[in-house]
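Good morning, and thank you for coming.

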Amino acid sequence: MATMITNAAILLSTLAIGFRMLSFLRQRRSARLPRARERVLIIGASSGIGRTLAQHYAALGVKGLGIVGRRADKLAEVAKECEERCVAAGTEKTEVLALAGDFAEVADMVRIRDELLAKWDGIDTIIVAAGVSALRPLLDIAQDKPGAEGIQRVVDVASLATRGNYIGPLVAAVTFIPLLESSSPSPSILLVNSLASVIPAPTRSIYASTKAASLKLYQALAIEHPHIAFTQFMPSTVEGDFRASAVDGGTARESDPNKTGLKREDVARRCLDAIDYGEKHVWMPWTMGPSHIVYWLFPRFVESRASKKYHYTPPPRPAIQQG
Ligand SMILES: NC(=O)c1ccc[n+]([C@@H]2O[C@H](COP(=O)([O-])OP(=O)(O)OC[C@H]3O[C@@H](n4cnc5c(N)ncnc54)[C@H](OP(=O)(O)O)[C@@H]3O)[C@@H](O)[C@H]2O)c1
Ligand SMILES: *[C@@H]1O[C@H](CO)[C@@H](O)[C@H](O)[C@H]1NC(C)=O
């Protein structure tokens, strides 16, 4: 059994590396669309991965950089960091637009789209990095309150997560795809999704299912809009403060993401490469690509690894009532 898993993993890894190498043979997008002409919008740029990506784009000297998030004060900080990066890199000055807004609000996204049209006549690159976490076992949330109230609490938490992880990406897609298609010579969209969408984990039922919804949404959109280069980016745990956004008020059980998680710098660099080489799916670390297939072949093995990572022990089963 163990050797079979290892053999399958080796075979799949070799295939994955092969495909990765093929993608490097393609012409880079930045050769067709020079950075000095590229107009970039990052949704979820006030912290974390989106913020680090904004700094990278500024250092590359893109023409325009729109940064979106709900917290205007944080966006102002990021805009300042980006301007400093530009100066340090000695690139032509990037115009940074701080655009406060909620990506699940239609009016906010329409206002931002109109502003991009007025300022830069359109957009070339859209990164959807915004999202919210949820950290508790589903039935624990229900047990906060007895009976129907507890079930209602689960529904309320799930709708907050749906708003942040599905409706937001949905509104962004519907609002920006027409502008992207009509204004860019090389339109690209990168969705910062999650490994949790393809390999389930305990304590992540609401998070994983709402992220999986937007992954499937963007995968289907990629077929409906074949001239847009879509990238689905699926990282494992990343350093930072993402767990503070938990819509269920939960706390993390796994080891400290700042010590064991992926580095934001590495994640941002991998995102930039993926867009430049037109990669459709990116797992980070890359070994998670083959691992996701191993889940379908040997689910129990991957389930036990997931329980270990999240230090999860199922609650004891209650005594069965004899009739
Ligand atoms: N950190 C991880 O371990 C990890 C692992 C896998 C995948 N991911 C995914 O990576 C993405 C970024 O995570 P991160 O680690 O960078 O987390 P983060 O530091 O919490 O950043 C999330 C960003 O999204 C923005 N945001 C959230 N809800 C929004 C809304 N309704 N409208 C507009 N902006 C909104 C936040 O800004 P405001 O609060 O100012 O609105 C913030 O800028 C998420 O989609 C997450 O699912 C993270
Ligand atoms: C991890 O680092 C972020 C800053 O990147 C900080 O805000 C957060 O509190 C840290 N988390 C832990 C658990 O130390």
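**A pair of helices**

Helix α3 passes helix α4 in a right-handed crossing. A crossing is right-handed if the near helix is turned clockwise from the far one by less than a right angle, and left-handed if it is turned anticlockwise. Helices here are DSSP runs of H or I with at least four residues, strands are runs of E with at least two, and both are numbered from the N terminus.

Before I continue, please note that this is a predicted model, in which local features need pLDDT of at least 70, side-chain atom pairs count only at pLDDT 80 or more, and totals for chains, interfaces and linings use all residues. Residues are numbered from 1 along each chain as its sequence is written, while chains are lettered from A and ligands numbered from 1 in the order in which they are written.

Two packed helices are described by the angle between their axes and the distance between the axes. For α3 (residues 48-60) and α4 (residues 72-89), the axes come within 7 Å and cross at roughly 30 degrees. The axes are lines fitted to C-alpha atoms over the stretch in contact, and angles run from 0 to 180 degrees between N-to-C directions.

Which residues of α3 and α4 meet? From α3 they are R51, A54, Q55, A58 and A59, and from α4 they are V78, E81, C82, R85, C86 and A89. Contact requires C-beta atoms, placed from the backbone, within 7 Å of each other. By class, this contact has seven nonpolar, one polar and three charged residues. Ala, Val, Leu, Ile, Met, Phe, Trp, Tyr, Cys and Pro count as nonpolar, Asp, Glu, Lys and Arg as charged, and the others, Gly among them, as polar.

**The whole chain**

The protein chain has twelve helices and seven strands. Its radius of gyration is 21 Å, close to the 20 Å that the globule rule gives for 323 residues, so the chain is as compact as a globular protein of that length. That radius is taken over C-alpha atoms, and the rule is 2.2 Å times the number of residues to the power 0.38. Of the contacts with a separation of 6 or more, 78% are between residues 24 or more positions apart.

**The ligands**

Around ligand 1 there are 33 residues, of which G44, G48, R70, G131 and F242 come nearest. A residue is near a molecule if its C-beta atom, placed from the backbone, lies within 6 Å of it. Helix α3 returns here, with the largest share of this shell, three residues. The shell of ligand 1 divides into 13 nonpolar, 14 polar and six charged residues. Ligand 2 is surrounded by G240, D241, D256 and N258, a shell of no nonpolar, two polar and two charged residues.

**Particular residues**

Most residues other than glycine have a negative phi, and most peptide bonds are trans. T203, however, has a positive phi near 70 degrees. Is T203 buried or exposed? T203 is buried, because 24 other C-beta atoms lie within 10 Å; buried means 20 or more such atoms, exposed 12 or fewer, and partly exposed in between, with C-beta atoms placed from the backbone. H311 also has a positive phi, of about 45 degrees, but H311 counts as exposed, with 12 C-beta neighbours inside 10 Å. Finally, a cis peptide bond joins M284 and P285, with omega about -5 degrees, and P285 is found in the loop between β7 (281-284) and α11 (288-297).

Terms used
Two residues are in contact if their C-beta atoms, placed from the backbone, lie within 7 Å.
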